[in-house]
Protein chains: 2
Amino acid sequence: MSLFTAGILIIGDEILSGRTQDTNANFIANNLTSSGIKLEEIRVIQDEKKIIIDSVKYFSKKYNYVFTTGGIGPTHDDITSESIAEAFNKKYETNSEAFNILEKYYPKGDFNISRQRMAKMPSDVDLIYNPMTAAPGFKINNVFVLPGVPKIMEQMFKNILANLDKGKPKKVTTINTDLYESKIAPTLSNIQNQFVECSIGSYPYFNFISKQGGVNIVISSWEMDSLEQVEKEIIEMIKFNGGNYSIV
Amino acid sequence: MSLFTAGILIIGDEILSGRTQDTNANFIANNLTSSGIKLEEIRVIQDEKKIIIDSVKYFSKKYNYVFTTGGIGPTHDDITSESIAEAFNKKYETNSEAFNILEKYYPKGDFNISRQRMAKMPSDVDLIYNPMTAAPGFKINNVFVLPGVPKIMEQMFKNILANLDKGKPKKVTTINTDLYESKIAPTLSNIQNQFVECSIGSYPYFNFISKQGGVNIVISSWEMDSLEQVEKEIIEMIKFNGGNYSIV
């Protein structure tokens, strides 16, 4: 089975300073997982040309698809496009289609030199259209360059995703139990060893107000046709240990 | 001026699958920034031994401080501790202090073999105490190994931070304006060129319901004693362009 892999580069000092809680990675992650594309890495990096260039080159070689967010606006700190041009040894120049889109979008006289900057991209890219605020992103090789504003990014990403080569969606089932993680750990480990084609994750939680805790057991597989057997074994194990369970 | 740098490694398939929205990185980021430690990179990586080892080694060399979250619980998918032992060529063995803490914490007979696993760590570490659920994290060289559950991680992190060598807190001021980003971009770029010791970030937003937008202009510096002059120039520029402003 061919498995498609992906990496995400979040470009932005505002995430590293803590000023902004990133939500773009999680949005993309969820959509990739349900589309049969395995997200293998997320990096949040500084608005620094050399770092952007190195990261884009590395990710582009390593993963089938790369998604970047941030740094394609009109201001001096938006250096993603020129950095990516350099990463792929392309000219950084005005894209005439992007220029036309933006020129049409803005009232006459408002398409100033800063806004024109948003039409500057590496040469020979495919545009990624922006149904909300016009300024397009672009695709170069296997790298999809998106803006950082979540609502706009999300719309553009959905349009990309519709046209990507995808794999079989990952199969996922979550079983919740009120047993503690350490209670189920040994048997869970045995079940994992029995079913090597799936991955069994165990995510404990604890509510400090109700003093009640439990575990979400997540079974997932890119390869198995059905998780039913694994599910059954885990539920039996929970019952055997005197716990309650529910499929989440 | 000595500047302390940091990197964060979020270890967890549940973040990459999109199942969980990470909040640990943002919490740590905010606290580092206000403590004069510059967070330069965040990576979210898979629960894979080789990846954990390589990332920890790389981060440990590159940054003054490294913080990892996730993968130190009692189940088979918790492989952070053994991976980090390998990264530093240390034995992976029962830490007697951790063992004693856990043994005291659990009711007699409940400190089973899975829970005992939480006392296994690289040799020669310093423990990071856990005031909520006993199971400690640890520090090895410049790497601080923390759990993934946010409430627990946050408490443990605060205790670490109190004892770290820190720098001067980063100076930050945010000016909000109702002008569009492209309107202010050229002047902002000039102001940035005048004050190279600070970084001026421009973060546009748009409310799709009220159809009103604007920009948060964030001035920040690790080096300058005061941002007052930069602030003044930006406010003048906003006024000159007919915009409103407020200090956020």
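Author: Happy to! Let's begin with A:Phe138, which is buried because 20 other C-beta atoms lie within 10 Å. Keep in mind that this is a predicted model.

Reader: Where is A:Phe138 found?

Author: A:Phe138 is part of strand β7 of chain A, residues 134–140.

Reader: And which residues does A:Phe138 touch, leaving out those up to four places away in sequence?

Author: Its contacts are A:Met121, A:Val125, A:Asp126, A:Leu127, A:Ile128 and A:Val145. There is also A:Ala98, which is 40 residues from A:Phe138 in sequence, with the two C-alpha atoms 9.6 Å apart in space.

Reader: Let's move on to β2(A). Why is it said to be largely enclosed by the rest of the structure?

Author: Eight of its nine residues are buried, so β2(A) is largely enclosed by the rest of the structure.

Reader: How does β1 of chain A run relative to it, parallel or antiparallel?

Author: Parallel: β1 of chain A, residues 4–11, is joined to β2(A) by eight bridges. One pair to look at is A:Ile8, whose bridge partner in β2(A) is A:Ile42.

Reader: What does A:Ile42 stand opposite in β2(B)?

Author: That is B:Val44. Strand β2 of chain A, residues 37–45, and β2(B) run antiparallel and are joined by three bridges.

Reader: Why do you say the copies meet through the same surface?

Author: Because 100% of the interface residues of chain B are also interface residues in chain A.

Reader: Switching to helices. Where is the kink in α8(B) centred?

Author: On B:Thr187, and the kink is about 35°. The end-to-end span of α8(B) still agrees with expectation, because its 14 residues should span 20 Å at 1.5 Å a residue and the end C-alpha atoms are 19 Å apart.

Reader: Which residues in α8(B) are buried?

Author: They are B:Glu181, B:Ser182, B:Lys183, B:Ile184, B:Ala185, B:Leu188 and B:Ile191. Within chain B, the buried residues of α8(B) pack against β10, β11 and α9 (228–240), and they also pack against α6 (113–117) of chain A.

Reader: What about β10 and β11 in chain A, do they run parallel or antiparallel?

Author: Antiparallel: β10 of chain A, residues 199–207, pairs with β11 of chain A, residues 212–221, over nine bridges. A:Asn207 stands opposite A:Gln212 in β11(A). The hairpin has four residues between the strands, and in it A:Lys211 takes a positive phi near 55°.

Reader: Last topic: what is the phi of B:Asn89?

Author: It is near 50°, a positive value in a residue other than glycine. Most residues other than glycine have a negative phi. B:Asn89 lies in the loop between α4 (80–87) and β4 (92–94) of chain B, and B:Asn89 counts as exposed because it has 7 C-beta neighbours inside 10 Å.

Reader: And B:Asp124, is it buried or exposed?

Author: Exposed, because B:Asp124 has 12 C-beta neighbours inside 10 Å. B:Asp124 has a positive phi of about 60° although it is not a glycine, and it is found in the loop between β5 (120–122) and β6 (126–130) of chain B.

Reader: Great, thanks for the tour!

Note on methods. Residues are numbered from 1 along each chain as its sequence is written. Chains are lettered from A and ligands numbered from 1 in the order in which they are written. This is a predicted model: local features need pLDDT of at least 70, side-chain atom pairs count only at pLDDT 80 or more; totals for chains, interfaces and linings use all residues. Two strands pair if DSSP finds at least two bridges between them. Helices (H or I, at least four residues) and strands (E, at least two) are DSSP runs, numbered from the N terminus. Two residues are in contact if their C-beta atoms, placed from the backbone, lie within 7 Å. The expected span of a helix is 1.5 Å times one less than its number of residues. The bend at a residue is the angle between axes fitted to the seven residues ending there and the seven starting there.
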